[in-house]
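Let's take a friendly walk through a protein model together. Have a look at the sequence and the picture before reading on.

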Amino acid sequence: MPLEARLERATSVPRGLGWIWLLPAALVGWGLATLNAVPAALGVGLAAGVSLSGSV
Amino acid sequence: MLLPPKRRSLRDVRIVGAYFAGSLGGALLTALSAWLASGFTEPLGATSRVVLFALAAALIVLVKRGPLAGRLALPENRRQIPAEVFGASLIRGALRFGFEMGTGVRTYVPTAAPYLLLAGLLLARPTLGAALLVGLGFALGRAVPMVVQMASIASGEGPSEFFLKRTREYEPALVIVLVLAGAGMLIWR
């Protein structure tokens, strides 16, 4: 398996933690619905961080 | 020799705490740097920012996941953080490891989301508070899954199938949509 594919697989969120995506989704949704930068900023940071959560 | 369960548990908490503190420090440093650099986009109007963000996002997604993958490369540090960071002490090692992970620039970046986030931060000219919130969110996102897995290993369960199976099917599209929508809103408002 190429390095990129292995990295992508290794850094994806474990299935048991799939629920964690609900948090950034809720925060970004809240930010969009109310045009409030606070939840949107927290939500986008959280989403990007979770996407790298398994990187080594 | 294994430490008694109570002392082991206390040490695990300190390691996890050190990892999160390091991760937070690294993420805040990167967010602060991006916030400072966003001052260079001050002269641009809202429409120009949105157009630039759309173009940058398209390029990032094409390079990371589209037909330009393998032809163009986005900047990344193509190495793993060395195990030597844990050489002196587990707690100090966790702090340093977390810091390097938190910066987002010290190891591979296999997803498009951090690049989209950086482009969004540069073009949004957020308030300092909003930029630091992005850093806080990034640190939490980087740390929480690892903390949960460490906790399961520390409790003696080990990484079960529950943790080893991946969510790869929907994750890339979901995170791209989330970061595009959130960063787009920060730029437009």
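Is A:Leu35 buried or exposed? A:Leu35 is exposed, because its relative accessible area is 53%; buried means under 20% relative accessible area, exposed over 50%, and partly exposed in between, with a 1.4 Å probe and protein chains only.

## Before we start

This is a predicted model, in which local features need pLDDT of at least 70 and side-chain atom pairs count only at pLDDT 80 or more, while totals for chains, interfaces and linings use all residues. Residues are numbered from 1 along each chain as its sequence is written, chains are lettered from A and ligands numbered from 1 in the order in which they are written, and side-chain values use heavy atoms, leaving out hydrogens and water.

## The two chains

Chain A contains three helices and zero strands, and along the sequence its pattern reads α-α-α. Helices (H or I, at least four residues) and strands (E, at least two) are DSSP runs, numbered from the N terminus. Of its 56 residues, 54% count as buried. Chain A exposes about 2300 Å², with carbon and sulfur atoms supplying 73% of that area; accessible areas come from the Shrake-Rupley method with a 1.4 Å probe, and for residues only the protein chains shown count as cover.

Chain B has seven helices and zero strands. Of its 189 residues, 40% count as buried. Contact here means heavy atoms within 4.5 Å.

## A helix pair in chain A

How do we describe two helices that pack together? We give the angle between their axes and the distance between the axes. In chain A, the axes of H2 (residues 22-34) and H3 (residues 37-51) come within 7 Å and cross at roughly 150°. Therefore H2(A) is roughly antiparallel to H3(A). Axes are lines fitted to C-alpha atoms, for helices over the stretch in contact, and angles run from 0 to 180 degrees between N-to-C directions. Angles under 35 degrees count as roughly parallel, over 145 as roughly antiparallel, 65 to 115 as roughly perpendicular and the rest as oblique.

The crossing of H2(A) and H3(A) is left-handed. A crossing is left-handed if the near helix is turned anticlockwise from the far one by less than a right angle, and right-handed if clockwise. On the H2(A) side, the residues that meet H3(A) include A:Leu23, A:Leu27 and A:Trp30, and their partners in H3(A) include A:Leu42, A:Val44 and A:Leu46. The residues of this contact divide into 11 nonpolar, two polar and no charged. Ala, Val, Leu, Ile, Met, Phe, Trp, Tyr, Cys and Pro count as nonpolar, Asp, Glu, Lys and Arg as charged, and the others, Gly among them, as polar.

## A helix pair in chain B

In chain B, H2 (residues 46-65) and H4 (residues 113-124) pack at an angle of about 165°, with their axes 10 Å apart. H2(B) is therefore roughly antiparallel to H4(B). Their crossing is right-handed.

Residues of H2(B) in this contact include B:Arg49, B:Phe53 and B:Lys64, and residues of H4(B) include B:Tyr115 and B:Leu123. By class, the contact has nine nonpolar, one polar and two charged residues.

## Where the chains meet

H3(A) and H4(B) pack at about 150°, with axes 8 Å apart, so these two helices are roughly antiparallel to each other. Their crossing is left-handed. A:Val44, A:Gly45, A:Ala48 and A:Ser51 in H3(A) meet B:Ala113, B:Pro114 and B:Leu117 in H4(B). That contact has five nonpolar, two polar and no charged residues.

A:Ala37 is also found in H3 of chain A. A:Ala37 counts as buried because its relative accessibility is 11%. Leaving aside neighbours within four places in sequence, A:Ala37 is in contact with B:Met185, B:Leu186 and B:Arg189.

## Two residues in loops

A:Leu35 lies in the loop between H2 and H3 of chain A. A:Leu35 has a positive phi of about 50° although it is not a glycine.

B:Arg125 sits in the loop between H4 and helix H5 (128-154) of chain B. B:Arg125 has a positive phi of about 45°, although it is not a glycine. With 34% relative accessibility, B:Arg125 counts as partly exposed.
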